[in-house]
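Hi everyone, thanks for making time this morning. I'd like to walk you through one structure, so let me put it up on the screen.

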Amino acid sequence: MSELKLEFVGKQVKDMYGTFMGKVVGIVTDTDGSIESVGVDCGSSGLKQLVYEQLLIQGDYVIYIPRWRLDAQKLLRQKNLTLQRIKGLQDIVAENDLMKDDAELVYIKYEKRLHDLEEKEKSVIDQLQTRLNQLDTENKSVKTVLFDAKLQYRSNEVTEDVYQQINISTQELIEHINLEKAEINNVKTRLAQQTLENVVLTKTPNPTTPTDQKATITTTTTDSDTSHQQYDTPNTTTPQMVSANVTGDKTAKSNGETETSWLNQVIPNE
């Protein structure tokens, strides 16, 4: 068995918001030996097969990244690049009308690509809304448990220690739910802000060429496109929450980072 496979077996699994899911008991491989899925013992929920591409090893834990997060991140990158190229073509033609015919075929290609991505975006938005609805249902269920525990404590059916234990556990679950909801809403906002009007192209002169020559065009984006989320990952052997920092926009800008390295391992740049 390869070292990679050995790294998975026996590790505890948490989602990226800190909720414990179970323990890795085995791995399913393809005929070439590559990992297809990881078997996780989820207690009373039974054995679940988690897709390998949605998993990442962090210290003593395996972190599970939800499918909606991978799909949304990929769409954001693809749509942003397509918009940048369309805007770049428009600016090139505006600067030199003689290039209009040359740019037209390329423009049609990216215009079709943008249309396809917008159709895909509708599916992703539905996926995000479905997950939000699920989280709302989970949130109500957790709050019901907490309220009932409070009622039992007031009627002297359980001790204060028991009530406090229930209170701490349910508050942690509510926090995890709120973190995921906040990120989903953030992603929905970013998708809505990804428009051609919000893409800005700046010209950066090449220092190796004379200033009277044509400047090299590089692309940048507005705040709505660069406001990637920052994630906290476990760096010790103790349980730590892998959570989306809802104020990650400022953190990412101050660090000069648009994505964390661990997420890029799962979602490579397009």
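Let's begin with Lys79, which counts as buried, at 4% relative accessibility. Do keep in mind, please, that this is a predicted model. So what does a buried lysine pair with here? Lys79 forms a salt bridge with Glu121, and their closest N and O atoms are 2.7 Å apart. Lys79 sits in helix H2 and Glu121 in helix H3, residues 100-154, so this pair ties together parts that are 42 residues apart in sequence. And is Glu121 buried or exposed? Glu121 is buried as well, because its relative accessible area of 12% falls under the 20% cut-off.

Helix H2, residues 67-95, and helix H4, residues 160-193, have axes that come within 11 Å and cross at roughly 20°. That angle is under 35 degrees, so H2 counts as roughly parallel to H4. As for handedness, the crossing of H2 and H4 is left-handed. Which residues make the contact? On the H2 side you'll find Trp68, Arg69, Ala72, Gln73, Leu75, Leu76 and our friend Lys79. From H4 come Glu180, Glu183, Ile184, Val187, Arg190 and Leu191. Sorted by class, this contact has seven nonpolar residues, five charged ones and one polar.

Now, back to the charges. Side chains of opposite charge can pair when their charged atoms come close.

Lys181 forms one with Asp136, with the closest N and O atoms 2.8 Å apart. Here Lys181 belongs to helix H4 and Asp136 to helix H3, so the pair ties together parts that are 45 residues apart in sequence. Asp136 is partly exposed, with a relative accessible area of 31%.

Then there is a pair within one helix. Lys112 forms a salt bridge with Asp116, and the closest N and O atoms are 3.1 Å apart. These two are four residues apart in helix H3, which means about one helical turn separates them. Lys112 is exposed, with a relative accessible area of 53%, while Asp116 counts as partly exposed at 36%.

One last stop: Glu53, Arg67 and Asp71 are linked in a network of salt bridges. That's my tour, and I'm happy to go back to any of these on the screen.

Note on methods
Residues numbered from 1 in each chain as written. Predicted model: local features only at pLDDT ≥ 70, side-chain atom pairs only at ≥ 80, totals over all residues. Heavy atoms only, no water. Axes fitted to C-alpha atoms, helices over the stretch in contact; angles between N-to-C directions. Parallel < 35°, antiparallel > 145°, perpendicular 65-115°, else oblique. Left-handed = near helix turned anticlockwise from the far one by under 90°. Contact = heavy atoms within 4.5 Å. Nonpolar A, V, L, I, M, F, W, Y, C, P; charged D, E, K, R; others polar. Salt bridge = Lys/Arg side-chain N within 4 Å of Asp/Glu carboxyl O. Buried < 20%, exposed > 50% of the residue type's maximum accessible area, 1.4 Å probe, protein only.
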